[in-house]
Amino acid sequence: MKEQLKTIQEKALAEIKNASDTKALDDLKVKLLGKKGELTAILKQMGGLSPEERPQIGQLANDVRQSIENGIANMREQLKAAQTEMKLKSERVDVTLPGKHFSQGRRHPLNTVMDELKDIFRGMGYSVVDGPEVEETKYVFDMLLTDEGHPARDPQDTFYIADKTLLRTQTSSIQIRTMLSQAPPIAIFSPGRVYRRDAVDATHSPIFHQCEGLVVDKGITFSDLKGTLELFAKRLYGNDVKVRFRPHHFPYTEPSAEMDFQCFTCGGKGCPLCKGEGWIEMLGSGVVRPEVLINCGIDPEVYSGFAFGLGLERIAMMRYQVDDLRLFYENDQRFLKQF
Ligand code: DAH
């Protein structure tokens, strides 16, 4: 029986050493020390031993059991340590590896210019306001004295959504909305998208941006308009910029004028950028017609105003010497990264 116990011990300890993980060790424990294990079977035969042998074998059996238990406990520690080691190895961060590249975005050139314009007008005391792009014809046309039959209303030039609803063709609708919702004195600046049915080419896009300005107060005249817009041009292009006003027609202003600035590339001599003119058109403007004020419930005997609308893309094209409008909308990284 002594021999048997020794064999059991040796076999058991060898098996324990070979256990590959803690699960295998658990199974082994049941097999070696459990009720159906070999050791238990031996102990069950103890009754047949002589009274002298019994304590000796009993002691030996206990020692064997103890050594198997110790073996299992030791092995468990070793396996756990090995597992932790492996986990640490697999999760190790190699700080010497090159970092991941995050490409950082930047402001779109149109937004940069728009922000600059907002700043200039805020600096002159204007508030910046926003308005809907899906608009009613009464705000875009009717109340701005642009009657049915006017070419600007032609469905071929305009995106109608319903009979009297369209994508606004100009930000001038914001003039009406502003005058209907607030009393003079008014000084607002409103940049936003506008839509026209134009085929895309280097200078046309069905979506582009305008910025509208409106001032209504007592005693406002055409000279306020000129002074304001000249100052604006200087803030944008520097004190040396030269501007000129040309008479023009807009249904909602009288007198109306377009403002050009002298081409800064050729200094007015004429070059490809200004198409040989020496001047570049910048905006439309005029003194608000009394009928428009009346439409909005403002008394033209007390108040007068001026308004203007400028194209944002044109200013951005000049600013960055970009000769094709499409570049602003294509989101080509090679283009956008230059700003
Ligand atoms: N809305 C005009 C356009 O789209 C620009 C314009 C002209 C706006 C005169 C005005 C203005 O406010 O008074 O061409």
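This note sets out points on the sheet, the helices packed on it and the nonpolar cores of a predicted model.

1. The sheet. Seven strands form an open sheet with mixed pairing, in the order β1-β5-β6-β10-β9-β8-β7. At its edges stand β1 (127-128) and β7 (243-250); each has a single partner strand, so one side of each lacks a neighbour in the sheet.

2. Ser127 has Ile188 of β5 as its bridge partner.

3. Helices on the sheet. α5 lies across β1, β5, β6 and β10, and runs at about 165 degrees to β5. α10 also packs on the sheet, where it touches β6, β8, β9 and β10; its direction makes about 55 degrees with that of β10.

4. The largest nonpolar core. This core has 41 residues, and Leu117, Phe232 and Phe308 have the most contacts inside it. Among the elements that each supply at least two of its residues are α5 (109-123), β6 (207-217), α8 (222-237) and β10 (304-311). The greatest contribution, six residues, comes from α5.

5. Leu117. Beyond its neighbours within four places in sequence, Leu117 is in contact with Phe189, Cys211, Phe232, Leu236, Leu310, Leu312 and Ile315.

6. Ser285. This residue is placed in strand β9. Ser285 counts as buried because its relative accessible area is 2%, below the 20% limit. Not counting residues up to four places away in sequence, Ser285 touches Leu225, Leu229, Phe250, Thr253, Ser256, Ala257, Ala307 and Phe308.

Conventions: Residues numbered from 1 in each chain as written. Predicted model: local features only at pLDDT ≥ 70, side-chain atom pairs only at ≥ 80, totals over all residues. Heavy atoms only, no water. Core = buried A, V, L, I, M, F, W, Y, C linked by side-chain atoms within 4.5 Å. Buried < 20%, exposed > 50% of the residue type's maximum accessible area, 1.4 Å probe, protein only. Helix = DSSP H or I, 4+ residues; strand = E, 2+ residues; numbered from the N terminus. Contact = heavy atoms within 4.5 Å. Pairing = 2+ DSSP bridges. Axes fitted to C-alpha atoms, helices over the stretch in contact; angles between N-to-C directions.
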